[in-house]
Amino acid sequence: MALVAAQKIGLEIHIYPRTQCKMFCACSSDFLHAEANTNVCPVCTGQPGSKPMSPNMACVVAGLQMARTLSMDISASPVSTLRKHYFYPDLPSNYQRTAEPLATGGKLQGFELREIHWEEDPGQYDMAKGVVDLNRSGVPLLELVTEPVLRNPSDAKAVLNDTLLLLQYLEIVREEAPFKVDTNISLEGGERVEVKNINSISGVVRALEFEFERQSDLLDRGLPVQQETRHFDEIKMKTYPMRFKETAEDYRYMRDPDIIPLNVGEIAVPDLGNPFTILESMCASGAREEDARAIVSNRDLVFAYNRVASGSNPLFASHFVARDLRGELNFRKMPPSFVAGEGRMTQIAAIAAAWSSGRLSNQSSTSLLRSVFEGRDVSAELRTTEGVFADEASLDRVAAEVISSNPDVAERYRKGSTEVINYLVGLCMKKLEGKARARDVVVALRRRLG
Ligand SMILES: [Zn+2]
């Protein structure tokens, strides 16, 4: 490869908001589990004379919540629904309903956003069998569009990860099928190429990497990169041509005369806080980003984090919630809302506070936490366990016992393999039934080992 060409990448993120109904009719929006062509009516099958309902308010509110968190400008004028015309077997009306932006501007990961608007999904066409399923026809989508200012596939990954985090925090996305992405990429000296319908974040990264290689190869050989739309094969991890050059005029956009424009500025939107601000402050207080992201992806975990942090410190709290608490939830296949019950949260916070201040050993803390998850009230047990540790004489006795029954390990320690002390600490802890702080056991062992 001759030169590393500058890339310009844009994303169109088609989000499936968590809604009961379709965008313009009362049919169920379940297209993943229902039998083919059962969630349909005259509106979403495009029958003549059928009248659509006004846009699904759950979808509109979800879009407004996103717009507000991303500091976008919400449209001051009424927002019209549009018809975008094209012909395909999955689109019985021969137009897809989309809309003017409900908000514009704003930033994500420092990259400028263009707009967000609602639209409806087309049906699903099985090309091999020639069969159409219209359960998906009319399902609500929110399309978040970035300006083409991303510089490489990792920027795209960062933007998509943050989009997912925002959707999860706001609880407005379907977990099973959060979004599908169209991405466009152009290299200096070439035209813009669009890759459509990618279902995963890793797929977007691979498609962009593939396109970068393909386009730079053409440009290096002095061949043109034409404007075209390609599709991405997730199994072969390659993009293939779909169609060449299409412009907005090809779609003959027009306002949908059946749907009254919506005054989005007048719609009340709940204020649920900003996940990015929470994430930033957690990371600034020393939390690992991985832990902080795991917590911010769920508001019940954020609630638990705040409660635990108020009795300990941010670093301990982030680790406790992301690892210990989530570990118990995942192990028991319980939703995070389980910890939010006030009785439970009070006990969990008390265990965490005693643990972080050293009044409770690791083993006792873990065992009490498990008891809470098993539905027991541990308040009394916590009071009697707290601060009950083996005294210095017992620590010394146990350290001596463990060393004399493991002479080879003790020898290795004395010869410089100091890390083997962890093994001895484990054995002491077992003998002490966890009623000791690890750091005190280390001191007792070191004293004996000389
Ligand atoms: Zn319908």
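1. A residue is buried if 20 or more other C-beta atoms lie within 10 Å of its own, exposed if 12 or fewer, and partly exposed in between. M237 has 13 C-beta neighbours inside 10 Å, so M237 counts as partly exposed. The model is predicted, and the values below should be read accordingly.

2. M237 is not a glycine, yet its phi is positive, at about 60°. The residue sits in the loop between β13 (228-233) and β14 (238-244). For context, most residues other than glycine have a negative phi.

3. N94 lies in the loop that runs between β3 (81-85) and β4 (95-99). It has 11 other C-beta atoms within 10 Å, and N94 is therefore exposed.

4. Helix α6 covers residues 299-311, 13 residues in total. From its first C-alpha to its last it reaches 19 Å, close to the 18 Å expected at 1.5 Å a residue. The buried residues in α6 are R299, L301, V302, A304, Y305, R307, V308 and A309. An α-helix has 3.6 residues a turn, so residues three or four places apart point the same way.

5. Helix α6 packs against helix α7 (residues 314-331), with the axes 8 Å apart and an angle of about 135° between them. This angle makes α6 oblique to α7. The two helices cross in a right-handed sense.

6. Which residues make the contact of α6 and α7? From α6 come L301, A304, Y305, V308 and A309; from α7 come P314, A317, S318, F320, V321 and L325. By class, the contact of α6 with α7 has 10 nonpolar residues, one polar and no charged. L301, A304, Y305, V308 and A309 are also among the buried residues of α6.

7. The crossing of α12 past α14 is right-handed.

8. On the α12 side, the contact with α14 uses V398, A399 and V402. These meet L424, L427, C428 and K431 in α14. The contact of α12 with α14 divides into six nonpolar residues, no polar and one charged.

Notes:
Residues are numbered from 1 along each chain as its sequence is written. This is a predicted model: local features need pLDDT of at least 70, side-chain atom pairs count only at pLDDT 80 or more; totals for chains, interfaces and linings use all residues. Helices (H or I, at least four residues) and strands (E, at least two) are DSSP runs, numbered from the N terminus. The expected span of a helix is 1.5 Å times one less than its number of residues. A crossing is left-handed if the near helix is turned anticlockwise from the far one by less than a right angle, and right-handed if clockwise. Two residues are in contact if their C-beta atoms, placed from the backbone, lie within 7 Å. Ala, Val, Leu, Ile, Met, Phe, Trp, Tyr, Cys and Pro count as nonpolar, Asp, Glu, Lys and Arg as charged, and the others, Gly among them, as polar. Axes are lines fitted to C-alpha atoms, for helices over the stretch in contact, and angles run from 0 to 180 degrees between N-to-C directions. Angles under 35 degrees count as roughly parallel, over 145 as roughly antiparallel, 65 to 115 as roughly perpendicular and the rest as oblique.
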